Amino acid sequence: MTHAISLRIGPATFRVGSAWPGPLRDLARLYADYPAPLDAIADYTVRLELAGWARRWVRPSIFITGDHGLADAAPMSLAHGLLAAEMGMNLQMALGWRRHLLLHASSVEKDGRVLVMTGESGSGKSTLAAQLGERGWRLMGDEFALLDLHSGDIFAFPRLISLKNRAIDVIAGDVPASRLGPMLRGTAKGDIRHLVPRADAVARMDEGAPPALLLFPRFGHAVDVRPVAQGETFMRLTQASTNYVALGEPGFAALTRFVTHVPACAIDFPSGDEAIALVEQLWAEAL
Amino acid sequence: MGGGPLSAALLVAALRDPASVERLDAAQWNGLIAAARAERLIGTLAVRLEGRAVPETARPLLADARLDAGREARGALWEADRARAALASLGVPLVLLKGTAYAAAGLRAGQGRFIGDLDILVPRDQLDAVEAALFAAGWEWVKPDPYDDAYYRRWMHELPPMIHATRDRMIDVHHTILPLTARQTPDATAMIAQAVPLDDDLHILSPEDRVCHAVAHLLADGDLAGGLRNIWDIYCLIADLPDPVPLEARARRHGLLSHVRQARRLADALYGQRRLRLTSWDRIVLRRLLARDGWGRETRKLLRFAFFLRSHWLRMPPLMLARHLWTKWRKGHRPR
Amino acid sequence: MAALASKLSDQDQMSDQTPQQDDDRADMAVPSRRQLLMGGAAAASAIVSIRPALANTAASVLNCTIPVPDPAKGNVHINPSGQLVPAGTPGAFPGTGRSFTGEQVKQAMRGRPLPGTSYGQNQAYMNYIRRLQSGTSGFTCYASLQMPR
Amino acid sequence: MTTANYYRAEPQEALVMRPLADIVLLYHRPSGRTHMVVSPVPEILDALQRDGGGTAISIHARLARDFDLGPPDEALAEIAAHLAELADLGLAYLK
């Protein structure tokens with residue numbers, strides 16, 4: 001492929017190839033301060049290919065593929081090239097990662113312990129993690145949390161945070177432009193702008209820590225807190241993990257230890273501010 | 001544009017001579033891994049490289065692949081056990097084929113192998129009973145399309161594929177090993193008669209028939225998709241033959257002698273000592289098999305398409321091919 | 001899961017000991033002659049098997065589309081219950097010739113009709129999508145949108 | 001669902017059982033599958049494993065010693081239904 005870049009996010013190294021230079025220029029700028037890959041051997045190859053032979057000139061659009069791919073993947077406009085590259089990397093992790101139990105969850109760390117938040121996209125887990133990341137917590141990831149199969153610690157996958165729609169105004173306002181990606185309008189999930197995690201979160205991305213609290217956030221509802229039983233927590237986490245079944249018994253043991261050690265609550269909140277107050281209160285109670 | 005040497009060549013060299021990987025640089029490792037994943041040989045490669053000096057960053061990746069392969073084999077054996085339980089009441093000899101058979105018998109060809117669907121061979125006259133028993137045990141048709149169904153029943157060597165409702169695993173029930181229309185007509189009854197029991201229910205083909213089946217599946221039927229994996233199977237199966245002589249006679253009996261000889265040459269050229277003389281047709285097949293670049297992408301598209309057409313051609317006589325393609329074309333099948 | 005949950009609600013505490021760490025067999029000692037909950041012969045299943053959530057999360061990290069109907073099926077129409085019928089069957093809807101995105105189908109599952117469809121068309125298309133089976137294009141995308149079965 | 005069907009138990013080392021506060025988790029090594037179970041399934045499995053196998057009748061008798069099972073005919077039918085389901089999942093083997 002004419003253009004290529006290697007980068008490391010947490011424990012995973014990616015080789016991203018592209019038929020166009022644009023997406024890789026954005027990646028190079030936004031991932032500039034990330035610790036470099038140990039060498040050029042990549043855990044995964046991502047390919048941003050032409051979505052059809054005419055697509056180089058006529059309405060250029062990208063077909064995302066790589067070591068792992070989805071036949072049903074929708075072509076994406078070149079204007080959303082950075083998002084396509086991020087999705088390509090996420091897809092390799094979702095379909096291929098085996099070194100940790102992969103949870104579709106955001107995670108932040110404070111005082112050496114980790115708060116994990118899981119829920120469908122649109123539940124607010126990513127925005128909440130991004131906000132906490134700007135308020136003294138160390139952001140570990142807004143999309144994937146890595147549960148270590150031996151220690152039970154959570155490890156970071158601090159990819160670029162994807163701020164969606166309203167969250168862009170809430171957060172982008174008070175962060176330096178150098179930490180912001182281009183405004184991507186009209187993607188399948190609305191407007192998206194990528195935010196680079198803070199410098200210390202990037203520098204400390206290899207530091208794991210034990211989980212202390214699991215939350216199931218739900219944006220847009222009256223404030224409410226409900227404990228979630230271990231059985232239901234276990235079931236919901238197996239559905240929020242793309243590699244639980246693939247890991248076999250080590251996955252079973254790691255998830256069983258997690259649900260028997262980490263208290264879980266469902267929290268509803270109408271807006272970000274209530275959410276942060278609620279989280280800080282529950283965090284204090286959990287310790 | 002190709003991104004370094006053809007990665008498939010790197011993959012074949014690494015399987016043939018594992019020590020050679022110690023001379024690879026990072027770019028070549030990336031090509032090797034991309035090709036191994038695209039050809040679904042990453043597990044086989046990882047098992048083959050166990051104990052070799054590999055770069056620090058490649059070690060966890062290969063370890064993951066070995067663990068995956070182990071779980072893959074267990075999943076395949078569990079499917080075989082479920083099929084055994086479903087068919088136990090019929091008293092039908094259940095012959096495992098391909099990957100599941102190699103894993104069940106602990107053959108070298110099964111080590112690290114990607115397995116995927118469960119393939120079984122049953123006597124043709126038991127097909128309806130087997131189909132009913134599988135339905136009762138929770139399997140369903142994958143594609144309930146009447147045209148495909150009739151086509152499969154009349155011309156194909158197997159039932160239409162079935163999938164288990166809750167386990168999401170597929171099963172292919174064969175009553176012979178080549179489409180009825182293919183020129184070669186292997187003797188499935190003889191294969192079942194010579195099958196080797198693994199335990200009181202499950203059987204696998206005899207050593208010679210295992211080679212013949214793998215060859216039939218690859219050369220006579222396939223468009224060589226997964227060819228590198230199939231030839232690796234054949235290379236291992238031939239190497240494990242207690243005595244090479246009976247293979248020729250068995251191949252002749254199944255009408256596959258020329259194909260078995262070609263497979264032997266290809267296996268030797270890719271994975272062996274590379275001493276056997278190749279025909280020009282062999283070289284074309286090898287060019288098709290090695291058509292993958294350093295990014296894991298398929299290259300030589302025209303050559304690949306030619307083999308795609310060939311696979312349909314081999315499957316049925318010309319007149320029927322025209323009607324089949326016309327029906328599919330009318331129904332909107334466009335080769336992607 | 002609902003069946004299991006209902007059984008849980010009136011299930012008294014299994015055993016009050018704290019969950020052991022790594023001992024292989026939990027001790028089934030039961031202090032008193034406890035009433036073992038019997039839901040009757042037609043008891044809802046007391047076993048829920050975990051299924052791979054691969055599609056569920058994979059496609060949520062990637063936009064996907066569902067062609068209605070699968071172009072490989074040729075020019076067929078869709079009857080109200082979502083089955084493919086020969087073109088021109090009365091009461092059936094023509095295929096759209098376009099694909100719906102995962103997001104649009106997810107909204108439709110929550111009541112907002114598929115864009116550009118009449119009420120009847122939307123019902124027929126959603127029934128078609130619900131009947132998708134592995135091997136038909138769009139199945140992985142659809143499987144990924146469902147809550148755990 | 002005859003109550004006289006004899007089911008052989010899975011060997012003990014094939015099953016890992018972990019009780020949670022409200023449910024019992026079951027990992028079945030040969031299939032690599034995880035199941036979540038509530039009473040009476042863990043008790044039935046345990047009885048099956050203690051004897052290496054059993055029928056709905058024998059298991060009903062064994063459970064009746066430790067538990068109050070309610071009307072016998074209903075309990076027998078449910079135990080038979082669960083045994084059949086366990087066999088479907090490969091957690092027991094119908095002889």
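## Chain A: content and dimensions

Chain A holds 9 helices and 16 strands. Its radius of gyration is 19 Å, close to the 19 Å that the globule rule gives for 287 residues, so chain A is as compact as a globular protein of that length. The C-alpha trace of chain A spans about 55 × 45 × 35 Å along its principal axes. This is a predicted model.

Helix α1(A) covers residues 22–30, and helix α2(A) covers residues 81–96. The two pack at an angle of about 75 degrees, with their axes 8 Å apart. The range of 65 to 115 degrees counts as roughly perpendicular, so α1(A) is roughly perpendicular to α2(A). From α1(A), the contact takes in Pro23(A), Asp26(A), Leu27(A) and Leu30(A). They meet Gly81(A), Leu82(A), Ala85(A), Glu86(A) and Met89(A) of α2(A). By class, this contact has 6 nonpolar, 1 polar and 2 charged residues.

Asp111(A) is not a glycine, yet its phi is positive, at about 50 degrees. Asp111(A) sits in the loop between β6 (101–110) and β7 (113–118) of chain A.

## Chain B: a seven-stranded sheet

Chain B has an open sheet of 7 strands with mixed pairing. The strand order is β3-β4-β5-β2-β1-β7-β6. The edges are β3 (139–141) and β6 (196–197) of chain B, each of which pairs on one side only. Helix α6(B), residues 127–136, packs on this sheet. The helix touches β3, β4 (162–164) and β5 (170–174) of chain B. The direction of α6(B) makes about 115 degrees with that of β3(B).

Val196(B) is placed opposite Ile204(B) of β7(B).

## Chain B: helices α11 and α12

Helix α11(B) runs over residues 245–253, and helix α12(B) over residues 257–271. They pack at an angle of about 135 degrees, and their axes lie 7 Å apart. The two helices are therefore oblique to each other.

On the α11(B) side, the contact is made by Leu247(B), Glu248(B), Ala251(B) and Arg252(B). On the α12(B) side are Leu257(B), Val260(B), Arg261(B) and Arg264(B). The contact residues divide into 4 nonpolar, no polar and 4 charged.

In chain C, the peptide bond from Val68(C) to Pro69(C) is cis. Its omega is near -5 degrees. Pro69(C) belongs to the loop between β2 (65–67) and β3 (76–78) of chain C.

In chain D, Ser39(D) and Pro40(D) are joined by a cis peptide bond. Here omega is about 5 degrees. Pro40(D) lies in the loop between β4 (33–37) and α1 (41–51) of chain D.

## Chain D: pattern and dimensions

Chain D has 3 helices and 6 strands. Along the sequence they follow the pattern β-β-β-β-α-β-α-α-β. The radius of gyration of chain D is 13 Å, close to the 12 Å that the globule rule gives for 95 residues, so chain D is as compact as a globular protein of that length. Its C-alpha trace spans about 35 × 35 × 20 Å along the principal axes.

## Chain D: a three-stranded sheet

In chain D, 3 strands form an open sheet in the order β5-β1-β6, and the pairing is antiparallel. The edge positions go to β5 (53–54) and β6 (92–94) of chain D. Each has a single partner strand, so one side of each is left without a neighbour in the sheet.

Strand β1(D), residues 7–9, is joined to β6(D) by 3 bridges. The two strands run antiparallel. Tyr7(D) has Leu94(D) of β6(D) as its bridge partner.

## Chain D: helices α2 and α3

Helix α2(D), residues 56–66, packs with helix α3(D), residues 72–88, at an angle of about 120 degrees. Their axes are 9 Å apart. That makes α2(D) oblique to α3(D). The crossing of the two helices is right-handed.

Helix α2(D) contributes Ala56(D), Ile57(D), Ile59(D), His60(D) and Leu63(D) to the contact. Helix α3(D) contributes Pro72(D), Ala75(D), Leu76(D), Ile79(D), Ala80(D) and Leu83(D). By class, this contact has 10 nonpolar, 1 polar and no charged residues.

Methods:
Residues are numbered from 1 along each chain as its sequence is written. Chains are lettered from A and ligands numbered from 1 in the order in which they are written. This is a predicted model: local features need pLDDT of at least 70, side-chain atom pairs count only at pLDDT 80 or more; totals for chains, interfaces and linings use all residues. Side-chain values use heavy atoms; hydrogens and water are left out. Two strands pair if DSSP finds at least two bridges between them. Helices (H or I, at least four residues) and strands (E, at least two) are DSSP runs, numbered from the N terminus. Contact means heavy atoms within 4.5 Å. Axes are lines fitted to C-alpha atoms, for helices over the stretch in contact, and angles run from 0 to 180 degrees between N-to-C directions. Angles under 35 degrees count as roughly parallel, over 145 as roughly antiparallel, 65 to 115 as roughly perpendicular and the rest as oblique. A crossing is left-handed if the near helix is turned anticlockwise from the far one by less than a right angle, and right-handed if clockwise. Ala, Val, Leu, Ile, Met, Phe, Trp, Tyr, Cys and Pro count as nonpolar, Asp, Glu, Lys and Arg as charged, and the others, Gly among them, as polar. The radius of gyration is taken over C-alpha atoms; the globule rule is 2.2 Å times the number of residues to the power 0.38.
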